[in-house]
Amino acid sequence: MLNIDRLRVLHAVHHHGSVSGAALALRVTTSAVSQQLAKLERETGQRLSARNGRGIRLTDAGRLLAEHADRILSQLELAHADLEAQRGQAVGELRVGAFATAARGLFPAALAALRGEHPQLRPTLREMEPDAALTVLARGDIDLAVVLDWFNRPLALPGGLGRQPLFDDVADLALPVDHPLADRPELDLTDLADEPWVSWPPGAICHDWLMFTLRGRGIEPNIVHTAAEHHTQLALIAAGLGVAVAPRLGRTPVPEGVALIPVRGTITRRVYAVWREGSGTRPSIRAAVTALRAACPAPPL
């Protein structure tokens, strides 16, 4: 009989590409991963891994068994979800990943509600970019992800994942209060074509969206400052150092010295909760999505 825990180790090595990556994901030592692989080789009577420089690679047999392990673990997850649904209670550990402004703007209220309504549930939150959250969700390192995409640039969802829209996050333009356009009732992105911009770091989904959108309108933006945190961006704008797109989620308190101007035609980010399809019936997943929806801001009038 194949041991489930050892199959889980093989699955982790396959998805993370290394013993050290698997050990980090499984929260065990690298020697424990190596020992489990050796035991699995003895159980199967086949060589599952081979040296590859300073690391290892899976053999053809190892990759074949890892593909079976993926299906076996998915079926096992579905069985656990069905049992949890049969019991009808949200209990145990729930690992969640979310982008920064969702972590700030949604999760304090959502986690507090979960603690009050489901005291046997143990949710844990990890802040991460949407692409990273989907990757670790798909391979089983977290149970639920809160991600975003922009109205003109949809986020591709890997197979085997389900999602629930939470809300649309409206974005405004942030300018210094003494900017010549700060008294306008609304602005277009092209109105700020020649301005110095404050953006997210390169590689962040919102930075990539900003570059894509501005270039699509014939603007080559002059990015003078980058900062991951919206409040750092707003502080730079309050000091008169640039302009930025400022989503409303998790934005308050806005510092003095910043004017927020609606965008003509409105630009939005769409926020989703995402889970593996096999776990969608878990009461803990449903409870977390319900709490997140309750924590969402009311739609703008």
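Guide: The secondary structure of the protein chain consists of ten helices and ten strands; these are DSSP runs, helices being H or I of at least four residues and strands E of at least two, numbered from the N terminus. This is a predicted model, in which local features need pLDDT of at least 70 and side-chain atom pairs count only at pLDDT 80 or more, whereas totals for chains, interfaces and linings use all residues. Residues are numbered from 1 along each chain as its sequence is written, and side-chain values use heavy atoms, with hydrogens and water left out.

Visitor: What does the C-alpha trace span along its principal axes, and what percentage of the residues count as buried?

Guide: The span of the C-alpha trace is about 75 × 50 × 30 Å. Buried means under 20% relative accessible area, exposed over 50%, and partly exposed in between, with a 1.4 Å probe and protein chains only. By that criterion, 45% of the 301 residues are buried.

Visitor: How many disulfides does the count give?

Guide: A disulfide is a covalent bond between the sulfur atoms of two cysteines. The criterion here is a pair of cysteine sulfur atoms within 2.5 Å, and the count is zero.

Visitor: Where is His179 found, and is His179 buried or exposed?

Guide: His179 is in the loop between strand S6 (161–176) and strand S7 (196–199). With 13% relative accessibility, His179 is buried.

Visitor: Which residues does His179 touch, and how are its polar contacts to be read?

Guide: Leaving aside residues up to four places away in sequence, His179 touches Leu192, Glu195 and Val243. A polar contact is a pair of N or O atoms within 3.5 Å; within protein, one must be able to donate a hydrogen and the other to accept it, and residues adjacent in sequence count only if both atoms are side-chain atoms. The side chains of His179 and Glu195 are joined by such a contact of 3.0 Å. A polar atom of the His179 side chain also lies 3.0 Å from the backbone nitrogen of Leu181.

Methods:
Contact means heavy atoms within 4.5 Å.
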